[in-house]
Amino acid sequence: MHTSTTSTVPLEAWTAEQLQQATQGEWFRQNLPKSEIKRILTDSRHAEMGDAFLALKGERFDAHDFVVQVAAQGCQIAIVERPIDSDIAQLIVKDTRLALGHLGTYRRQQNQQLKVIALTGSSGKTTTKEMLGSILSRLAPTLITRGNLNNDLGVPMMLLELRPEHQFAVMELGANHQGEIDYTSNLVQPHVAGILNIGTAHLGEFGGRDGICRAKSEIYAHILPEGTAIVPSDDDFTTTIRQNAGNHPILSFGEGGDVYATEIQLNPQSAQFNLHTPEGSRTVNLPFAGAHNVQNATAATAFALAIGIPLDDIVQGLEQAQGAKGRLNFIQHQNYLFIDDTYNANPTSMRAAAKVLLQQQGLKVMVMGDIGELGDSSWQEHHDLGRDLIELPLDHLVVVGEFAEAAQQGSRCAENLHAFATQADALPFLINLVQTHQPQSMSFLFKGSRYTHMETLMADLMEKL
């Protein structure tokens, strides 16, 4: 769909001199390869002839243990923090994690032709990124963050994929701790950067939404001169975000903003609305369901306008955009509609997804897994979800996992909320539910945090039908 996902295109090669220059490391064992290095990689399993292996260290692993192995696989250079007893050429650096950042920075600086968008937020990042990818890749080769490569390791890994033909880059930046977005936004040097929203995702790491706002706002620190800050106009934290955007020109999106939607018509699997911008207004037929995706489309529009994309091109890109896997994907299976929203979850996106389910046909069954990274707020957030979701006209709410009981208590043990500790416990209930209501049409929504793998329960149920 986007050029970034095309792995068949060779990456731009490195010389040994460039590696040394970028990392400021020192060579140990001067048997440097004469040929160019085709790629830098951190996964020893994929190392082969012509590669440079960068040995990362974590709390539970040390890739220096694999240097001998990658040398045997044909790898020609190892980037390491300490010399290893191996014939492979070794570039010694102080910190391999930082060296990866330096290599990403070097690649970014080599591609001065690039217009870079950086975005963050508690929810909607992936969908907004896909919308921008659709808008920009119609016009020129575009690098777009793949999967969840949005942290202090993933961002430089994406920058290593930059090639001279890339004209645009859409970089998603995530935050697990204060200072992370400051680091990654400095690597990507964006022309345009912005926050989509301040929700409750990763609440545990930041000790509250104020902390989340501070962490996300680091994205504005490294906007290039003449660049633009994108700001949500109807967020609880809009005033603070505007202050944090500093002296950059601001383009806002959402109700009351520079870019906003009116005449919104929400259909079961799509939406139609009038898009208003400083460049004029257009009607948009959006192939995404839910009011939250209309909001994501206004955000994508603001980012694209800020790098000079004409409005007609933006509308065409929005209308041709496709959702990422596990993001409100609609799957018709016999007489049943399955909505796969299993890629990830936070309290805000869980409520938004429930509203999409309400638009579908037949009996409406929401299957909710646990939400992670909420810290001390976990029990309360799941309790409040149970309370709020049971107020919606859902036929059944099936909650699965460690916090199922919290949701059950929030619902005051409502009859149509069914709590299960494991997916294995929930599956027989779901099968029985289908059998009981045959041949009635049914719509299922499956959603939970990534680690819960709710797609497994969905696949198991589909297999039994």
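The model is predicted. An unreviewed UniProt entry annotates residues 326–435 as "domain: Mur ligase C-terminal". The structure holds 18 salt bridges.

**Annotated N-terminal span**
- The unreviewed UniProt entry places "domain: Mur ligase N-terminal catalytic" at residues 36–86.
- That stretch, residues 36–86, is 12% helix and 22% strand.
- Its end C-alpha atoms are 21 Å apart.
- Lys 38, Arg 39, Glu 48 and Asp 51 form a network of salt bridges.

- Lys 129 and Glu 172 form a salt bridge, with the closest N and O atoms 3.2 Å apart.
- Lys 129 sits in helix 4 (residues 125–137) and Glu 172 in strand 8 (residues 168–172), so the bridge links parts of the chain 43 residues apart.
- Lys 129 counts as buried because its relative accessibility is 1%, under the 20% cut-off.
- Glu 172 is also buried, at 4% relative accessible area.

**Partly exposed partners**
- Arg 138 bridges to Asp 313, with a closest N and O separation of 3.5 Å.
- Arg 138 lies in the loop between helix 4 and strand 7 (142–144), while Asp 313 lies in helix 11 (residues 311–320), 175 residues apart.
- Arg 138 is partly exposed at 33% relative accessibility.
- Asp 388 and Arg 351 meet in a salt bridge of 2.8 Å, N to O.
- This pair joins helix 13 (residues 378–389) to helix 12 (residues 347–358), across 37 residues.
- Asp 388 is partly exposed at 25% relative accessible area, and Arg 351 is partly exposed at 24%.

Notes:
Residues numbered from 1 in each chain as written. Predicted model: local features only at pLDDT ≥ 70, side-chain atom pairs only at ≥ 80, totals over all residues. Heavy atoms only, no water. UniProt positions renumbered as here; feature names shortened; annotations may be inferred. Helix = DSSP H or I, 4+ residues; strand = E, 2+ residues; numbered from the N terminus. Salt bridge = Lys/Arg side-chain N within 4 Å of Asp/Glu carboxyl O. Buried < 20%, exposed > 50% of the residue type's maximum accessible area, 1.4 Å probe, protein only.
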